[in-house]
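Hi everyone, thanks for coming. I'd like to walk you through one model today, so please have a look at the screen.

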Amino acid sequence: MSRLVRFSLRQLIASITAGSLLMSSTMGVAQTTFLSQLQTQSPPAGSNPNLANAQQLTPEQIAAIQARGGNPNQPTMPGAYVQQKPIFPAQPPRPTEFEIYVSNMVGEQLTRYGSELMKDGEHTFSPSSTAAVPNDYVIAIGDEIFVRVWGSVDADLRLIVDRQGQITIPKVGAIVVAGVPHGKLSGTIQAAIGKTYSGANVAASIGQMRGIRVYVTGYALVPGAYTVNNLSSLVNVVMAAGGPSAAGSYRDIQLKRNGKVISQFDLYDLLLKGDKSQDRAVTAEDVIHVGPAGAQVAVVGAVNKPSIFEIKKGETLQDALKYSGGFLSGAQTDAINFMGLNGRRDGFKTLPQAAFASKLLEDGDIYMATSGVAMKQPADKQMRMIKVDGQVNKPGVYVLKAGSTLQDAIQAAGGLSDSAYLYGSRLERVTVRTTQEENLKRFIREFKRDVEGAASVKTTTAEDAALGKARQEQGQTLLRSLQELKPDGRMALSMKPQAKKLPDILVESGDVLTIPMKPNSVTVLGSINGGQVGIAYNNNKSVRDYIQLAGGYSRGADQRNVYVMRASGEFVSASGWFSGTGSIEVMPGDAIFVPENLQKTTFTKELRDWTAIIYQLGLGAAAIKVLRD
């Protein structure tokens, strides 16, 4: 056969098979006959002759090609059969309540672990078009089949499985391939061609796979229906949906099929351990449900990956440290600072290493690792960690160098806000609380001994016995109240109401400094007719005026021992040793306390009045409840 004839045949075959049917440069008579038979298959009227097996492309398949931005008249090499990437929010998600809380507590903006790993997932969620197709993959309608034939005949064919589950080869006929495993595809086609052409060898493979529809529900970033190729898995589809939303769980993702849970997937297994053993291939009409976010804790400071982690019931601090990548080199590993959600008013406490494995994680916990290098310095050179809260520009926990003052802490927190009331600043200190607790324990021991001693005194008359019993009951009531008292560790700040800066007090680790908003009221409480009353502040009114506005003294009030608890934490006697309730100046946020006139007994150790408990023990505002009750 002439070279011209061979060239013409190539042109004709290329026209029918859309450029995907290639001829060998050497062609025997048998090959020529086979290709001549193929070229007799003219495309249907009105169809595009550039389409490979155009009669097998359905309107749905053409629409799918157009949806992906392709041109059905110019077929491209097969790729992953997926829909266009979903539209993701243009703006980054707003911080969650817990992220805001952690930021306020530690002064550092953290996000949930895994969120940055998912943000670009929509570009890579589909299996690669070059990925190996497993032998157990089952051929189905819509799949594209590449067939290479050589030997007695030579051809390259690109065919689509039609709605009857068949591919059609001219002069060979229709071959049913739907339901055939990929590993047996070549043998099935070779057996069919061999009936017409002996000595023909066949190699068949999958080109573009059919699309299957699955659903993503629950708390995914973009829930909805997704069309993906048949090699896609649960992880692929979750990433197609942008991963869990800010309200979604990374650790509770279910694959449901026909109403049953097929797999429960924990993304932490993949993100932290590289474990995909629970990942499963999806099939048509599967549902992937992303549950709501679970409990969360924060691990910050000297760890490899400071983040917010979602936790499961029963997990411990040891697990959270593994999630964060462990301590940094040079970090203090024998202890960690800890603050629970319910104990945030007390600031950070120290948790020893021995408790890491047994400390169960609770929702809202914050763990802060510190530098071991700094902690091994002499005590007077160590860094100080202080929490600054309230009306400052950047509330949070700050680590300050040795010698820093309260004012330095204010500056570290970005300075005061416009509504700050510096005079009402509240400093809670661990060492002060410890001293208060020791003083209170000592007083309770002595007081209990006096109460028991008074009960043992013998009486000679019924009247003395009744009076002794009443005193004993009174003492027991006060004793129980004192035992329930919880010192707050507040340290009074001696400063003028108009001061522009805090006193030069050195900070200590564990300090909690709170700057309130300027109040517009004064509180009157204790033995008054109106009970506890808040009264609008007026700079022209005295202690006596406020007491009258609160209803006046009750019948049992001790009018000689009224005192004022300043907003700054100081206590000032408004009567008795001083010049009376009419002369002392009252400031916004002050509290005026009128104690009960208790009868003196032998077990009171001749205390001048019950307010001496406050002065002697340094209990501050924590004692008000005991004195009032």
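Before the surface figure, a word on what it means: accessible area here comes from the Shrake-Rupley method, with a probe of 1.4 Å. By that method the protein chain exposes about 31300 Å², and carbon and sulfur atoms supply 51% of that area. Please keep in mind that this is a predicted model.

Now the overall picture. The protein chain has 629 residues, and 47% of them count as buried. Its secondary structure comes to 16 helices and 25 strands. As for contacts with a separation of 6 or more, 65% of them are between residues 24 or more positions apart.

Let's go to one piece of that, a hairpin. Strands β6 and β7 form it, with 5 residues between them. β6 covers residues 211-218 and β7 covers residues 224-229. The two strands run antiparallel, and 6 bridges join them. If you want to find one of these bridges on the screen, look for G211, whose partner in β7 is N229.

Next, the aromatic rings. A pair of rings is described by two things, the distance of the centres and the angle of the planes. How many aromatic pairs does the count come to? The answer is 10. One of them is Y268 with Y323, an edge-to-face pair with 5.5 Å centre to centre and 75° between the planes. This pair links distant parts of the chain, 55 residues apart: Y268 is in helix α8 (residues 267-273), and Y323 is in helix α9 (residues 317-323). Are these two residues buried or exposed? Both Y268 and Y323 are buried.

My other example is Y563 with F593. Why is this pair called tilted? The ring centres are 5.2 Å apart and the planes are at 55°, and planes count as stacked under 30 degrees and as edge-to-face over 60, so this pair falls in the remaining class. Y563 lies in strand β23 (residues 563-565) and F593 in strand β25 (residues 591-594), so the pair ties together parts that are 30 residues apart in sequence. Y563 has 2% relative accessibility and therefore counts as buried. F593, at 1%, counts as buried too.

One last stop, back at the helices. Y268 and Y323 belong to one aromatic cluster, together with Y113 and F309.

That's my tour, and I'm happy to go back to any part of it.

Definitions and conventions: Residues numbered from 1 in each chain as written. Predicted model: local features only at pLDDT ≥ 70, side-chain atom pairs only at ≥ 80, totals over all residues. Heavy atoms only, no water. Pairing = 2+ DSSP bridges. Helix = DSSP H or I, 4+ residues; strand = E, 2+ residues; numbered from the N terminus. Phe/Tyr/Trp six-rings, centres within 6.5 Å; stacked < 30°, edge-to-face > 60°. Buried < 20%, exposed > 50% of the residue type's maximum accessible area, 1.4 Å probe, protein only. Contact = heavy atoms within 4.5 Å.
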